[in-house]
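Subject: Handover of the two-chain model

Dear colleague,

Please find the structure below, with the sequence alongside it. After it I set out what was found, with the cut-offs given where each term first comes up.

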Amino acid sequence: MAVEDGARGASVQNQLAAAQRGDASAQAELFDKHKHRVARQILRMIGDRSSVDDLVQEVFIAAFAALPGFRGEAQLQSWLHTIALNKVRNWWEARRRRIAREQRGVDGFDERDADPEHGLEVTEHRRRLYEALGKLPDKLREAFVARGVEGLSLLEASELLGVPVSTVSHRTRRAEQALCSELGIQWREEL
Amino acid sequence: MEGRALIDRIAPVDPDEPAVRSPELRRLIDDARHQPVPHLNVSSTAIFRGWQQRRARQLRQIIVGGSLAVAAVVLLVVFDPRTIPTTGAITNDRTAYIGSDADPQTTTSATITPPAAAEPILASEVRVVARGGSSEPRVLSRWGIRLDTGSYEVELPQGALGGPLAIVVPGGTIELEVGLVLIVLTGGSPEMSLVHGRGTWVDEQGDRIPMVVVDRGGGGRADLPSAATLARRAEALIEKGDRNAAIDVLTTLVERHPRSSATRAALLDLGSLLKAAGRTSEAACAYQLYLERWPYGQVASEVELAATRLGTVTCRDLRPR
């Protein structure tokens, strides 16, 4: 078993080294292996299906460009997740600017993004949630998405976001308060 | 709102706490979580092409930047009056002639180096101990130092000839006549405790407040910050990226407040920080200690997993206790 693990680890290292050298097939393998997870993470962070493709592309190009600096300390998945966080942060910022420019409250969650397999009510729920999430400061939103939407534990979210467990907890709580207030929901501690 | 945020920050963290408390909000989140991921149109070929373009752009930037730097250096060398050959110039660079047969009168391209200002040297009687991760104390004069961030012990023993010692910290200056002072600087107000001796705090307005020796009775814990204070201090240090100082503070928290609720979260952070710092044996100790104290619950299994991810590393000396 240990031998198998060792062989697998060496194979991953070889693949990484090849990708770092710019080997197209090694990069393609890494992309195929991680793209769905990254896409799911991005979708949960932004809620906008139409932007997922672009962001996935940005994440992987940035990741491959930065691969020579990847020391393997963090697992590749966490590293990609961190890059995705940064890209998504830029996306939210661009979206805010666009909304301010267009002077309208709803953008990016219109009928084109509606999921035909699910009811309108579900789509409306998502639209409301992500619209409210978009109004949160980056740090609160990231903590809340990691914990509430992605379902990470306090420890996992703490490692991903690079902040202490207590900070994740406080930010998640403050984000929940702000979201409840924005969505007109009574917060649990007030019940 | 501010008050509420303050209460939130002080409230202890339960690692098993639910991520979302409001059932109504949870329903919205469930709908978001179950949103199907769209079919990805982006291909690995497109990614590879994008990567190549980006790399080419970076290479161009490096070449242009390098060329500009070389051009700047050449310009500096050509036009710097100090390097223009001047026959018969008398230079300060005396070492140029040591062991050389060259005639100083005919040496033409030695550089005139202005005498360097002498660095102040701290009086030998002063003892400054900076704990791990603290920034380097800066010597201002024989009897003056500046401290920026970290934990320090500064001592001026009885009978020192000179002084008082001026310890400049953010927000003011401590004038230590004699004795030992502990100083913790984490970006907010400085925290200092005069363990023994005499000292005065001089704030930025020039107001002078004599310092009082802390009561060391009760096992010397009177000057010990509370668990919540230490947790906040560690939090600030982590956010600043000062990993080693944060490890020190969390270790103190775990050692001095073993029964505090803040210790549970602190041990998790301590494990992560030690692991990130490559101190895997100590990280294993932190996780082991967590599991000894809180062996049950969902978090315990995660901690076990985190400990397993450290590999075959074992905790040799279970610290912090």
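Two residues are taken to be in contact if their C-beta atoms, placed from the backbone, lie within 7 Å. This is a predicted model, in which local features need pLDDT of at least 70 and side-chain atom pairs count only at pLDDT 80 or more, while totals for chains, interfaces and linings use all residues. Residues are numbered from 1 along each chain as its sequence is written, and chains are lettered from A and ligands numbered from 1 in the order in which they are written.

The two chains

Helices (H or I, at least four residues) and strands (E, at least two) are DSSP runs, numbered from the N terminus. On that basis chain A has 8 helices and 0 strands, whereas chain B has 9 helices and 8 strands. A residue counts as buried if 20 or more other C-beta atoms lie within 10 Å of its own, as exposed if 12 or fewer do, and as partly exposed in between, the C-beta atoms being placed from the backbone. Buried residues make up 42% of the 191 residues of chain A and 28% of the 321 residues of chain B. Among contacts in chain A between residues at least 6 apart in sequence, 57% join residues at least 24 apart; in chain B, residues 24 or more positions apart account for 38% of the contacts with a separation of 6 or more.

Where the chains meet

The contact between the chains takes 51 residues from chain A and 44 residues from chain B. On the side of chain B, the elements that give two or more residues are helix 1 (2-10), helix 2 (23-33), helix 3 (44-79), helix 5, helix 7 (261-276) and helix 9 (298-309), and the largest share, 8 residues, comes from helix 3 of chain B. The residues of that side divide into 25 nonpolar, 6 polar and 13 charged, where Ala, Val, Leu, Ile, Met, Phe, Trp, Tyr, Cys and Pro count as nonpolar, Asp, Glu, Lys and Arg as charged, and the others, Gly among them, as polar.

In helix 2 of chain B, the residues L25(B), L28(B), I29(B), D31(B) and A32(B) are buried. They cover an arc of only 155° around the axis (the arc being that of the directions from the helix axis to the C-beta atoms), which puts them on the same side of helix 2 of chain B. What covers these buried residues includes helix 2 (24-46), helix 5 (120-134), helix 6 (138-149) and helix 8 (165-183) of chain A.

Helix packing

Axes are lines fitted to C-alpha atoms, for helices over the stretch in contact, and angles run from 0 to 180 degrees between N-to-C directions. Angles under 35 degrees count as roughly parallel, over 145 as roughly antiparallel, 65 to 115 as roughly perpendicular and the rest as oblique.

In chain A, the axes of helix 6 and helix 8 come within 8 Å and cross at roughly 100°, which makes helix 6 of chain A roughly perpendicular to helix 8 of chain A. By class, this contact has 6 nonpolar, 2 polar and 6 charged residues.

In chain B, the axes of helix 5 (residues 227-240) and helix 6 (residues 243-256) come within 8 Å and cross at roughly 165°, and the two helices are therefore roughly antiparallel to each other. Their contact has 11 nonpolar, 1 polar and 1 charged residues.

Helix 5 of chain B also packs with helix 7 of chain B, at an angle of about 25° and with the axes 10 Å apart, which makes the pair roughly parallel. Here A227(B), A228(B), A231(B) and A234(B) in helix 5 of chain B meet A262(B), T263(B), A266(B) and D269(B) in helix 7 of chain B.

R232(B) lies in helix 5 of chain B and counts as buried because it has 21 C-beta neighbours inside 10 Å. K275(B), in helix 7 of chain B, counts as buried with 22 C-beta neighbours inside 10 Å. Leaving aside residues up to four places away in sequence, K275(B) touches T280(B), A283(B) and L310(B).

With best regards
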